[in-house]
Amino acid sequence: MLNIIIFGAPGSGKGTQSEYLIKKYNLAHISTGDVLRAEMKNGTELGKLAEGYISRGQLVPDDVVIGMLGHVLDSKKDVAGVVFDGFPRTLPQSNALDNLLKERGEEVSVVVSLEVEDPELIDRLIKRGQQSGRSDDNLETIKSRLDVYKDQTSPLKEHYKNTGKLASVKGVGTIDEIFVLISEAVDKVK
Ligand code: B4P
């Protein structure tokens with residue numbers, strides 16, 4: 001199975017490129033951000049809990065997200081592989097993913113890291129906020145999300161570099177141009 005982690009700062013294009021990946025390689029898509037937003041929309045206990053963290057630009061606690069991921073993964077049976085979008089975001093999440101995949105006789109195939117500078121990230125998210133109305137796409141929260149990414153998530157790059165799974169891709173350019181680079185990285189491990 002092809003298990004792709006699409007990794008990067010908020011606004012780096014993870015969600016956008018995931019849509020292309022699932023179509024080209026016929027994969028399932030797990031976006032923890034999408035799952036949490038659906039829970040918020042449905043007003044579930046999990047959604048209410050997540051809302052406080054997301055609106056402040058903080059990460060939802062590891063145990064909550066890891067438990068949720070396990071359930072979602074169980075619902076994706078008989079697939080050619082999975083695109084993990086926005087998960088893992090911390091070292092404990094990365095260890096949990098390794099274990100969840102191992103239990104299923106699987107492993108991470110490749111970690112595609114989209115590299116985009118802060119001013120471009122801020123610009124993209126402000127623009128999206130004007131259309132989407134997402135509670136976390138405002139300047140103050142975007143700055144917190146970028147700080148959280150630097151402190152808690154970006155260290156994972158070193159971790160995946162050490163395992164030989166990291167493929168860094170320039171995330172600036174047209175969506176199609178970036179997808180060509182991502183496909184090259186994926187085709188190497190297919
Ligand atoms: P996510 O939904 O994952 O949001 P994100 O990291 O901020 O990235 P997003 O998907 O929005 O942006 P993308 O890179 O696709 O998470 C939201 C929140 O949920 C987190 O802050 C956290 O609180 C919580 N959460 C989620 N997962 C968690 C976890 N594992 N652990 C704990 N908490 C978790 O960027 C897309 C934007 O850029 C779009 O507007 C797009 O149109 C634009 N774009 C894309 N490519 C472009 C290009 N080439 N040029 C110009 N614009 C481009």
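Tutor: The model is predicted, so local features need pLDDT of at least 70 and side-chain atom pairs count only at pLDDT 80 or more, while totals for chains, interfaces and linings use all residues. Residues are numbered from 1 along each chain as its sequence is written, and side-chain values use heavy atoms, with hydrogens and water left out.

Student: Which residues come nearest to the ligand?

Tutor: K14, Q58, R89, R128 and R145 do, out of 28 residues around the ligand. A residue counts as near if one of its heavy atoms lies within 4 Å of the molecule.

Student: How much of the ligand does the protein bury?

Tutor: The protein buries 88% of the 990 Å² that the ligand exposes when taken alone. Such areas come from the Shrake-Rupley method with a 1.4 Å probe; for residues, only the protein chains shown count as cover.

Student: Which elements give two or more residues to the shell around the ligand?

Tutor: They are α1 (14-25), α2 (32-41), α6 (118-132) and α9 (175-189). The largest share, 4 residues, comes from α2. Helices (H or I, at least four residues) and strands (E, at least two) are DSSP runs, numbered from the N terminus.

Student: How do the residues of that shell divide?

Tutor: There are 9 nonpolar, 11 polar and 8 charged residues. Ala, Val, Leu, Ile, Met, Phe, Trp, Tyr, Cys and Pro count as nonpolar; Asp, Glu, Lys and Arg as charged; the others, Gly among them, as polar.

Student: Why is S31 called buried?

Tutor: Buried means under 20% relative accessible area, exposed over 50%, and partly exposed in between (1.4 Å probe, protein chains only). S31 has 8%, so S31 is buried. S31 is found in strand β2 (residues 28-31). The side chain of S31 reaches the backbone nitrogen of D34 at 3.0 Å.

Student: Why are N26 and D78 called exposed?

Tutor: N26 has a relative accessible area of 60%, which is over 50%, so N26 is exposed. D78 has 83%, so D78 is exposed by that cut-off. N26 lies in the loop between α1 and β2. D78 lies in the loop between α4 (62-74) and β3.

Student: What makes the pair E45 and K48 a salt bridge?

Tutor: A salt bridge is a side-chain nitrogen of Lys or Arg within 4 Å of a carboxyl oxygen of Asp or Glu. For E45 and K48 the N to O distance is 3.6 Å, so the pair meets the rule. E45 and K48 are 3 residues apart in helix α3 (residues 45-55), about one helical turn. Side chains of opposite charge can pair when their charged atoms come close.

Student: Why are R145 and D137 called buried?

Tutor: R145 has a relative accessible area of 11%, and D137 has 6%. Both values are under 20%, so both residues are buried. Their side chains meet in a salt bridge at 2.8 Å, N to O. Salt bridges that share partners join R128, R134, D136, D137 and R145 into one network.

Student: How many salt bridges does the whole structure have?

Tutor: A search of the whole structure finds 14.

Key:
Polar contact = N/O pair within 3.5 Å; in protein donor to acceptor, adjacent residues only side chain to side chain.
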